[in-house]
Amino acid sequence: MKKVIAHISILLLVILGGCNSQEEKIPEGNEVILGIFGGMGPEATADLYKQILDITPAATDQEHIPTIIFSNPQVPDRMASIANGGDLIKPYLRFSVRKLESAGASFIVIPCNTVHYFYDFMQESVDIPIIHMIRETAGEVAGNYPDIKKVGLLATTGTIESGLYNKELEAKGFEVLTPDDSIEINMVMKAVYGIKSKTDPQLNEELLAIAGQHLADKGAELIVLGCTEIPLAYNPGRVDLPVVNATRVLAERAVDMYEAMSGER
């Protein structure tokens, strides 16, 4: 009887082992998966994914990038979190990036500039790479506009006060110009919150056009859209300056990394 039980146990192990090996086999084309940690805000997340779709050189569904989107709009306010040291927001950030990693993402992009204040914390929480949106945007400015000196920044107050863009752009030799406080509060932030709450789109465009022209009048030679809500309402035709859209840069780098990681396999 003991021998029979032993044989049955071995047979079950072989069967279960075979099932597991079949389940763990990665289907062709799913070896590299993009992870998007979104929800900050949801519409900006959708905009990033749409731009990734637009950039990807795909003629069929199967040629697009396998993607896992975790939209977590419950992440606490980023500006308030920076001000209070981040104790409240960090559990959400750790949970979100680890959720993507455990789901099978090979790398992560995050369509929110302000949350990159906590980039090191997030990167240390996972073993897969997270693309640094602001660093890549600064590199885009340096690579495509090497002769300009003054960069105008349209971003949230939290991003501006954190110095994230100043650090990256100044390291590449650029002077960063930001809106005066009255413009930042009454134009930029009003538009950002208006976009989030889906108020009058024309009003949001008008507010950002005024802020963009304000930066031009201060001497900016280029404008960086350093908030993922701003490109949803900013009209480049309203201000006679070239624009670098951080969301677009992030989309391009996501496609680049996917292609690079796929080529390594």
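# Close-up views of a predicted model

View 1. Gly35 stands opposite Ile108, a residue of strand 3. The model shown here, as in every view below, is predicted. Strand 1 covers residues 34-38 and is joined to strand 3 by three bridges. The two strands run parallel.

View 2. Three strands make up an open sheet, and their order is 2-1-3. The pairing is parallel. Strand 2 (67-71) and strand 3 (107-109) stand at the edges. Each of these two has a single partner strand, so one of its sides is left without a neighbour in the sheet. On average, neighbouring strands here are turned by 25° against each other, direction ignored. Helix 2 lies across strand 1, strand 2 and strand 3. Against strand 1, helix 2 runs at about 155°.

View 3. Met40 and Gly41 are joined by a cis peptide bond. Its omega is about 0°. Where is Gly41 placed? Gly41 sits in the loop between strand 1 and helix 2.

View 4. Lys50 and Asp54 meet through their side chains in a salt bridge. The distance from N to O is 3.1 Å. Both residues belong to helix 2. They are four residues apart there, which means a separation of about one helical turn. In the whole structure, a search finds 11 salt bridges.

View 5. Strand 6 spans residues 222-225, and three bridges join it to strand 7. These strands run parallel. Which residue of strand 7 is the bridge partner of Val224? The partner is Val244.

**View 6. Helix 2 against helix 11.** Helix 2 (residues 42-55) and helix 11 have axes that come within 9 Å of each other. The axes cross at roughly 50°. That angle makes helix 2 oblique to helix 11. The crossing is right-handed. From helix 2, the contact is made by Asp47, Leu48, Gln51, Ile52, Asp54 and Ile55. From helix 11 come Thr247, Arg248, Leu250, Ala251, Glu252, Ala254 and Val255. Sorted by class, this contact holds seven nonpolar, two polar and four charged residues. Asp54, one of the contact residues, is also the salt-bridge partner of Lys50.

**View 7. Helix 6 against helix 11.** Helix 6 covers residues 133-144, and its axis comes within 9 Å of the axis of helix 11. How are the two helices set to each other? The axes cross at roughly 100°. Helix 6 and helix 11 are therefore roughly perpendicular. Met133, Glu136, Thr137 and Glu140 make the contact on the side of helix 6. Helix 11 brings Ala246, Thr247, Val249, Leu250, Glu252 and Arg253. By class, four nonpolar, two polar and four charged residues take part. Thr247, Leu250 and Glu252 of helix 11 touch helix 6, and these residues are also in the contact with helix 2.

**View 8. Helix 9 against helix 10.** Helix 9 and helix 10 pack at an angle of about 145°. Their axes are 9 Å apart. Is the crossing left-handed or right-handed? Helix 9 passes helix 10 in a left-handed crossing. Helix 9 contributes Ile183, Asn186, Met187, Val188, Lys190, Ala191, Gly194 and Ile195 to the contact. Helix 10 contributes Asn204, Leu207, Leu208, Ile210, Ala211 and His214. By class, the contact has nine nonpolar, four polar and one charged residues.

**View 9. Lys198 in the loop between two helices.** Lys198 lies in the loop between helix 9 (181-196) and helix 10 (201-217). Its phi is positive, at about 60°, although Lys198 is not a glycine.

Note on methods
Residues are numbered from 1 along each chain as its sequence is written. This is a predicted model: local features need pLDDT of at least 70, side-chain atom pairs count only at pLDDT 80 or more; totals for chains, interfaces and linings use all residues. Side-chain values use heavy atoms; hydrogens and water are left out. Two strands pair if DSSP finds at least two bridges between them. Axes are lines fitted to C-alpha atoms, for helices over the stretch in contact, and angles run from 0 to 180 degrees between N-to-C directions. Angles under 35 degrees count as roughly parallel, over 145 as roughly antiparallel, 65 to 115 as roughly perpendicular and the rest as oblique. A crossing is left-handed if the near helix is turned anticlockwise from the far one by less than a right angle, and right-handed if clockwise. Contact means heavy atoms within 4.5 Å. Ala, Val, Leu, Ile, Met, Phe, Trp, Tyr, Cys and Pro count as nonpolar, Asp, Glu, Lys and Arg as charged, and the others, Gly among them, as polar. A salt bridge is a side-chain nitrogen of Lys or Arg within 4 Å of a carboxyl oxygen of Asp or Glu.
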